[in-house]
Amino acid sequence: MSKGISGFSKLSKDEKIGWIAENYFSNPEGAAELIRKYWNADNALQQLHDEFIENTITNFYLPLGVAPNFTINGRDYIIPMATEESSVVAAASKAAKFWSARGGFKATVMNTEKIGQVHFIYKGSAEKLHAFFDAIKPKLISGTASLTANMQKRGGGILDIQLRNKTAELPGYFQLHATFNTKDSMGANFINSCLEQFSKTLKEEAIGHDAFTQEEKNLQVVMSILSNYVPNCTVRAEVSCPVNELCEDKGIDPEEFASKFLTAVWIAEIEPYRAVTHNKGIMNGIDAVVVATGNDFRAVEAGVHAYASRGGQYSSLSHAKIEDGIFTFWLEIPLALGTVGGLTSLHPLVKLSHEMLGSPNAEELMQIVAVAGLAQNFAALRSLTTTGIQQGHMKMHLMNILNQLQASESEKMQAVKHFESNTVSHSAVNDYINHLRNFHPANLEKDFLQ
């Protein structure tokens, strides 16, 4: 039986919930009740969240944690991180404290250039098209004057437009490749508006261009859209210290640790299977801050992973070296972020996160986010090359397992104490909780009476 519906978007929120509950759940009342439990009691705040997207029925929570003790370019930060994964915040915090005692993190914005393209099909003389483009380029830029005025006041705007011939890859395919500086905004809407105006000017001018044949006049614009690949909008984050200061554990030799750490990075540089997981660890830190600050983590992910493949093979985003007894660990990544516009001025917790960071501009936020990724990577590699990743991760995951088993507060306290000196796994925690419950005094009394 079909469960399709016409006019769903026109239903009220309560009507949407009612229809979904009746058609997709065995316990409609229970499903509807759970959905409503996650509404905010403040009606105005709930309405704000309802209007972020379409067909909203409730809120989906992510924990917002904080990682203290970050020192970046001599300034102290506490970094907000929105994530559901255990050990991410703890690992970042531990790495931050470690490096704050060794001079902290250094971060530098390399460039802030963003990219947009008008993709079009033109069947005719490439020489004539290039001459035509050179003639209309000033009109392409002047045609966006009303769109760029405010951005130019802030020091941004259109940097350049190029005509690119891509016919070797696809017959008839050309593009207008435009570069932008959007200052403190991520700039997606600004860039896309400019591109659509370029497209309009391009078609209008082509129709009236006397040197074109009729076919050449009818060039076809396929699409006008920004690119989330921003290889010239990059930031570098790094840490360094003498090798003999690299390890706090007296049972681990710093020289041996440094050697294993470098080898682990080199493996990620040459082995794509390892590089993907290596970079995922970096993104654990980056995404958590990107989400907390109201930026587009999907765009960041896509751009970063494309950057990791720019050499023709997917590779590590971070690198390490030892020179003259100094250990240096760094990464360079593309980050197109904004601190104004979008959710940054709407979502109350996003605004809180920005204030917590000292209300950074876009370049400062790039530095903070890159540092969070490097800290996360350092923590992961330190665990991998010493105790192993599971020891720390599973201890952080212990509370999730206890909650899945519906452990009482007393059981949680006993379990935390027990697993301070025992290996955590789901089966081990399950066995331990069953052991506690089987030997609970009430159960012993029940067994005796029976």
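This is a short tour of the structure, stop by stop, with something to select at each one.

Before setting off, note that this is a predicted model, in which local features need pLDDT of at least 70, side-chain atom pairs count only at pLDDT 80 or more, and totals for chains, interfaces and linings use all residues. Residues are numbered from 1 along each chain as its sequence is written, and side-chain values use heavy atoms, with hydrogens and water left out.

**Stop 1**

Select Met186, Asn228, Val230, Ala299 and Ala336. Of the 14 residues lining the largest cavity, these are the closest to its centre. A cavity here is a set of points on a 1 Å grid over the protein atoms alone where a 1.4 Å probe fits but cannot get out, and lining residues have an atom within 4 Å of a point. The whole structure has 1 cavity of 30 Å³ or more, and about 90 Å³ of space lies in the largest cavity; a volume is the space filled by probe spheres set on the points, which are joined across faces, edges and corners.

Now colour β7 (220-227) and α11 (297-308), each of which supplies at least two lining residues. Helices (H or I, at least four residues) and strands (E, at least two) are DSSP runs, numbered from the N terminus. Which element gives the most to the lining? That is α11, with 4 residues.

**Stop 2: the nonpolar core**

Next, select Phe70, Phe120, Leu176, Phe198, Phe329 and Leu335. Among the 94 residues of the largest nonpolar core, these touch the most other members. Such a core is a set of buried Ala, Val, Leu, Ile, Met, Phe, Trp, Tyr and Cys residues joined through side-chain atoms within 4.5 Å. Helix α13 (residues 362-384) gives the most to this core, with 12 residues.

Zoom in on Phe70. Beyond its neighbours within four places in sequence, its contacts (heavy atoms within 4.5 Å) include Tyr77, Phe105 and Val371.

**Stop 3: threonine 293**

Move to the loop between α10 (272-292) and α11, where threonine 293 sits. Is this residue buried or exposed? Threonine 293 counts as buried, at 0% relative accessibility; buried means under 20% relative accessible area, exposed over 50%, and partly exposed in between (1.4 Å probe, protein chains only). Its side chain reaches the backbone oxygen of valine 290 at 3.2 Å.

**Stop 4: alanine 428**

Finish in helix α16 (residues 426-438), which holds alanine 428. Alanine 428 is partly exposed, with a relative accessible area of 24%.

Key
On a 1 Å grid over the protein atoms alone, a cavity is a set of points where a 1.4 Å probe fits but cannot get out, and a pocket is an open set with protein on both sides within 12 Å along at least five of seven lines; lining residues have an atom within 4 Å of a point. A polar contact is a pair of N or O atoms within 3.5 Å; within protein, one must be able to donate a hydrogen and the other to accept it, and residues adjacent in sequence count only if both atoms are side-chain atoms.
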